[in-house]
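Subject: The structure for you to look through

Dear colleague,

Here is the structure that I promised to pass on, with the sequence beside it.

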Amino acid sequence: MSTFQAPKGTYDLTPPRSAKFLAVREAISAPLRDSGYGYIETPGFENVELFARGVGESTDIVTKEMYTLTTKGGDQLALRPEGTASVLRAALEANLHKAGNLPVKLWYSGSYYRYERPQAGRYRHFSQVGAEAIGTEDPALDAELIILADQAYRSLGLRQFRILLNSLGDKECRPVYREALQSFLRDLDLDEETRRRIEINPLRVLDDKRADVQKQLTDAPKLRDYLCDACKAYHEEVRALLTAAGVAFEDDEKLVRGLDYYTRTTFEFVHDGLGSQSAVGGGGRYDGLSEMIGGPELPSVGWALGVDRTVLALEAEGVELDLPAPTSVYAVPLGEEARRVLFGVVTELRRAGIAADFAFGGRGLKGAMKSANRSGARYTLVAGERDLAEGVVQLKDMESGEQSAVPLAEAAAELAKRLG
Ligand code: HAM
């Protein structure tokens with residue numbers, strides 16, 4: 001170990017486990033790529049005002065958990081705590097919404113930063129794959145995104161997850177509910193911080209995990225009773241489309257998301273094997289966010305799935321991903337000349353698209369064969385002086401254990417044939 005360790009709340013991805021993270025990113029993005037979503041990448045930091053919009057309902061993510069910094073030039077920047085605001089900012093900046101092709105469908109994959117109290121499944125640096133569909137109000141779009149996330153999780157073999165669904169209303173009905181909730185909450189016996197929250201983001205109080213708070217909330221006004229007809233109809237249509245697609249969900253009127261921009265459809269994917277940090281993904285509609293950051297009215301919907309927690313969920317369920325061995329052929333040279341010759345064969349194999357690796361460092365047969373085994377390669381090529389004198393290499397099938405001499409000039413072609 002060196003003097004240094006990864007900073008608190010972070011961890012490194014190293015082989016072999018890192019392969020799972022790549023596979024999860026690939027599996028989550030595959031259904032998006034097949035459904036018209038284009039790839040977008042934005043900077044790891046933004047001007048702090050993009051996230052700290054200072055209007056309306058602030059959240060812990062914005063007020064407490066953001067990594068902010070002042071540059072030498074005096075700019076106030078924040079490491080991105082989430083992707084939605086950045087992606088929307090970038091789409092507006094590039095005028096993607098003016099290309100006459102709404103919704104603008106985008107997917108992304110990257111690192112996010114939140115100064116949270118670290119615990120299992122909760123990190124200060126984590127990774128998400130996300131999708132945003134910008135500029136269209138259509139319940140089928142909300143349904144599409146939920147269906148694609150469900151498909152992604154299932155393609156990985158994940159089974160013990162549930163989809164929680166709610167509607168948070170829109171700018172017509174939500175304020176009416178907010179006020180009703182606030183006057184109910186103000187009469188309760190709550191601590192100072194929670195009282196402050198009533199004024200800033202009362203819906204978050206419903207999410208309080210403490211039993212003594214929950215007990216007082218039994219008769220709280222329900223958002224469902226306040227939804228306007230348009231929101232109700234919209235939500236019913238999302239539900240009907242999910243049901244028709246065979247995607248099971250649970251109505252959860254207590255579902256309040258951690259970010260401030262949600263309207264109408266909100267959802268979360270929770271996994272029961274993860275303990276308290278059970279949300280493996282979440283998202284919803286954010287019809288007002290574009291205007292909040294100075295853009296035109298662009299009703300939008302999206303989600304982000306947490307890669308770290310998805311890997312933990314797979315491990316909790318004991319799902320073994322079907323990861324192909326990274327190496328198909330492993331070459332073991334015995335001696336100087338063999339090194340030159342086999343290195344040439346490995347180069348030729350790689351150029352032909354066959355994954356090949358090589359025993360570097362002039363190691364003995366025993367140690368090199370151990371590495372060959374560990375590499376997961378299906379075939380090894382071994383050659384010593386005598387083989388070269390005869391113009392052959394030894395080709396060993398690591399599954400059957402069978403070994404045969406193959407003419408050196410035909411080794412690459414023979415391997416290509418055998419590996420199909
Ligand atoms: P979020 O619910 O804050 O939503 O994050 C989405 C997922 O990221 C969570 O469900 C979780 O799996 C993962 N995640 C969040 N924080 C952490 C952490 N500290 N450690 C490990 N994993 C974490 C958003 O970020 C929204 N931008 C989603 C969205 C997209 N809404 C609309 N479009």
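A word on burial comes before the findings: a residue is called buried under 20% relative accessible area, exposed over 50%, and partly exposed in between, with a 1.4 Å probe and protein chains only. This is a predicted model, in which local features need pLDDT of at least 70 and side-chain atom pairs count only at pLDDT 80 or more, while totals for chains, interfaces and linings use all residues. Residues are numbered from 1 along each chain as its sequence is written, and side-chain values use heavy atoms, with hydrogens and water left out.

Let me begin with the backbone. N95 lies in the loop between α3 and β5, where helices (H or I, at least four residues) and strands (E, at least two) are DSSP runs numbered from the N terminus. N95 has a positive phi of about 55° although it is not a glycine, and this residue counts as partly exposed because its relative accessibility is 35%. Another cis peptide bond runs from P15 to P16, with omega near 5°, and P16 belongs to the segment before α1 (18–33).

Next comes the sheet. Eight strands form an open sheet of mixed pairing, in the order β1-β5-β6-β11-β10-β9-β7-β8; two strands pair if DSSP finds at least two bridges between them. Because β1 (38–39) and β8 (250–251) stand at the edges with a single partner strand each, one side of each is left without a neighbour in the sheet.

With β7 (residues 161–167), strand β9 (residues 263–271) pairs in the antiparallel sense over seven bridges, and here N166 stands opposite T266, while L165 has F267 as its bridge partner. With β10 (residues 279–285), the pairing of β9 is again antiparallel, over six bridges, and F267 stands opposite G283 there. Nine of the nine residues of β9 are buried, so this strand is largely enclosed by the rest of the structure. R264, which lies in β9, has a phi near 50°, a positive value in a residue other than glycine, and R264 is buried at a relative accessible area of 6%.

The structure holds 33 salt bridges, each being a side-chain nitrogen of Lys or Arg within 4 Å of a carboxyl oxygen of Asp or Glu. In one of them, the side chains of E268 and R257 meet at 2.5 Å, N to O. This pair links distant parts of the chain, with E268 in strand β9 and R257 in the loop between β8 and β9, 11 residues apart, and both residues are buried. Another salt bridge joins E315 and R17, whose closest N and O atoms are 2.8 Å apart. Here too the pair links distant parts of the chain, since E315 is in helix α11 (residues 307–317) and R17 in the segment before α1, 298 residues apart. E315 is partly exposed, with a relative accessible area of 31%, and R17 counts as partly exposed at 30%.
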